[in-house]
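Open the model in your viewer and keep the selection panel at hand.

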Amino acid sequence: MCETTGEASSAGLMIDLIISLDGYASAEGWPGWWGLEGPEYLAWLQQEGEKDYATLLGAKTYRLMSGMSEAAAAEGSGFSVDEGASLTGLAAVPKVVFSSTLQAPLTWPNSELVTRDAVEAVAEMKRRGTGSLRTLGSLSLCRSLLAAGLVDRFRVVVFPVITGRTGRERIYDGYPDVSLEMVESRTFDGRLQLLEYVPTVLNGPPSSGSTWSTTRE
């Protein structure tokens with residue numbers, strides 16, 4: 001991130017992802033964070049967790065992360081100390097879950113279920129000025145929100161691995177064309193690269209004279 005203020009990076013809606021260099025969200029058989037988390041990155045994660053965000057996620061991510069959070073709280077969970085602290089800490093975070101299959105009340109603490117269309121609901125949340133929003137996983141939700149022009153910041157932490165054989169969940173499949181203006185960058189532990197952008201959804205390549213395909217909130 002080309003050093004900006006915390007206020008600028010926390011405003012509006014942020015898509016927040018971790019990726020391998022070749023654009024995968026995870027890889028079969030690899031540990032969490034590809035085993036490359038370090039003290040600087042973990043300290044930054046803790047600081048980010050203390051910010052006043054509401055976290056948006058879909059049903060699949062909710063089921064996965066709530067289960068992992070519960071498992072991490074149990075004795076002998078098998079998670080590392082850092083993984084366990086990160087997972088159990090999610091219980092205290094305000095969460096908005098978009099799903100037509102889950103039923104209220106949700107068992108994961110501080111989780112609100114929204115059954116209506118996610119794009120419409122998030123657009124309304126932004127119009128009401130309900131505070132800063134960020135995503136957790138939920139790749140299809142992120143794709144829909146970005147395509148609708150609702151995303152104010154697009155942030156990735158790039159891990160220095162290529163998982164061409166074992167990679168799972170290709171992040172950018174199905175994305176529209178998007179131009180990215182870098183507003184912040186940072187390196188953690190000499191190996192992890194954080195990149196934050198202001199995204200603009202395009203009708204086509206910039207050389208064609210395309211304009212935004214949606215109206216940003």
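Start with burial terms: buried means under 20% relative accessible area, exposed means over 50%, and partly exposed lies in between, with a 1.4 Å probe and protein chains only. The model is predicted, so local features need pLDDT of at least 70 and side-chain atom pairs count only at pLDDT 80 or more, while totals for chains, interfaces and linings use all residues. Residues are numbered from 1 along each chain as its sequence is written, and side-chain values use heavy atoms, leaving out hydrogens and water.

**Stop 1**

Select Arg168. Its relative accessible area is 42%, so Arg168 is partly exposed. A salt bridge here is a side-chain nitrogen of Lys or Arg within 4 Å of a carboxyl oxygen of Asp or Glu. Helices (H or I, at least four residues) and strands (E, at least two) are DSSP runs, numbered from the N terminus.

**Stop 2: Arg134 and Asp16**

Now select Arg134 and Asp16. Buried or exposed? Both are buried. Their salt bridge spans 2.3 Å, N to O. Arg134 belongs to strand E6 (residues 132-135) and Asp16 to strand E1 (residues 13-20), so the pair ties together parts 118 residues apart in sequence.

**Stop 3: Arg153 and Glu196**

Move to Arg153 and Glu196. Both are buried. They form a salt bridge whose closest N and O atoms are 3.3 Å apart. Arg153 is in strand E7 (residues 153-159) and Glu196 in strand E10 (residues 192-201), so this bridge ties together parts 43 residues apart in sequence.

**Stop 4: the network**

With Asp16, Arg134, Arg153 and Glu196, they are linked in a network of salt bridges.

**Stop 5: the whole chain**

Clear the selection. How many salt bridges does the whole structure hold? The search finds 13. Colour by secondary structure: the protein has six helices and 10 strands. Of its 217 residues, 45% count as buried. Show contacts (heavy atoms within 4.5 Å). Among those with a separation of 6 or more, 71% join residues 24 or more positions apart.
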